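Subject: Structure handover and findings

Dear colleague,

Please find below the structure that I am handing over to you.

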Amino acid sequence: MSNPTATPTTLAYRHQVAVSAATGAAISKAAWMAFGSGSKAYSPDEDVALVAEFARVPVTCSVIGAVLTVRGNMGGILAADNVLREFGVFTESGVLMGRRVVKPKEFESTSEIELDLDFEY
C-alpha cells in the first residue's frame, strides 16, 4: 500500500542506494534535518541541497513496514530571525534524501516545531 504523504527521494539519494545495492557498500543513514528560508518548488531529480539553509539538527528515525519516518525539532532560538519555508533530510554523508516546501512559519525565541518526513521503500 502506497503512503500518500511519502516524500519522493532525490536522484542523488537514489543513486547512493543503487550503488550500495550493486557493490554491497553500506547506505549512509538519515542523520540531519536542515531548515531553510527558500521557497523554490522541490525537484527530486535536480535538488542536492536546500535553497537557503539556516539551521541543521540531528534526527530520530522510526520504521513501520516500508515507511521510514525522520523527525527533527527546531526551536525559535535556532531559527533566529529566519522564516521557515523549507526543510529536508540529509544522510550522514551529506546527501539530500528529500525536501519539503511549507507555508512560511515565523518563530519566537520560546517556540518550537517538530517536523516529520516520511520515505517509502
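The notes below cover conventions, sheets, the nonpolar core, charged contacts and one further residue.

Conventions

This is a predicted model, in which local features need pLDDT of at least 70 and side-chain atom pairs count only at pLDDT 80 or more, whereas totals for chains, interfaces and linings use all residues. Residues are numbered from 1 along each chain as its sequence is written, and side-chain values use heavy atoms, with hydrogens and water left out.

Sheets

Helices (H or I, at least four residues) and strands (E, at least two) are DSSP runs numbered from the N terminus. Two strands are taken to pair if DSSP finds at least two bridges between them.

L84 stands opposite K105 in β6, and F90 has L96 as its bridge partner in β6. The two strands form a hairpin with four residues between them, and G94 in the turn has a positive phi of about 95°.

A second open sheet has three strands in the order β3-β4-β7, again with antiparallel pairing. Because β3 (60-64) and β7 stand at the edges with a single partner strand each, one side of each is left without a neighbour in the sheet. In this sheet, too, neighbouring strands are turned by 20° against each other on average, direction ignored. Nine bridges connect β4 and β7 in the antiparallel sense, and the bridge partner of G72 in β7 is L115.

Nonpolar core

A nonpolar core here is a set of buried Ala, Val, Leu, Ile, Met, Phe, Trp, Tyr and Cys residues joined through side-chain atoms within 4.5 Å. Buried means under 20% relative accessible area, exposed over 50%, and partly exposed in between (1.4 Å probe, protein chains only). The largest such core has 22 residues, of which M33, F35, M74 and V89 touch the most other members. At least two residues of this core come from each of β1, β2, β4 (67-75), β5 and β7 (112-120). The strand that gives the most to this core is β7, with four residues.

Charged contacts

A salt bridge is counted when a side-chain nitrogen of Lys or Arg lies within 4 Å of a carboxyl oxygen of Asp or Glu. By this rule there are seven salt bridges.

One of them links D45 to R14, with the closest N and O atoms 2.7 Å apart. D45 lies in the loop between β1 (30-36) and β2 (53-58) and R14 in helix α1 (residues 11-23), so the pair ties together parts that are 31 residues apart in sequence. D45 is exposed at 52% relative accessibility, while R14 is partly exposed at 34%.

Another joins D47 and K40, whose closest N and O atoms are 3.4 Å apart. Here D47 is buried at 7% relative accessibility, and K40 is partly exposed at 45%.

R56 and E53 also meet in a salt bridge (2.9 Å, N to O). Both ends are partly exposed, R56 with a relative accessible area of 34% and E53 with 37%. Salt bridges that share partners join K40, D47, E86 and R99 into one network.

R56 has a further contact, lying over the face of F90 at 4.1 Å from the ring centre. For this contact, NZ of Lys or CZ of Arg must be within 6 Å of the ring centre and within 35 degrees of the ring normal.

A further residue

G76 lies in helix α2 (residues 76-79) and is buried, with a relative accessible area of 4%. G76 and V51 are 25 residues apart in sequence and 20 Å apart in space, C-alpha to C-alpha.

With kind regards

How values were computed: Axes fitted to C-alpha atoms, helices over the stretch in contact; angles between N-to-C directions.
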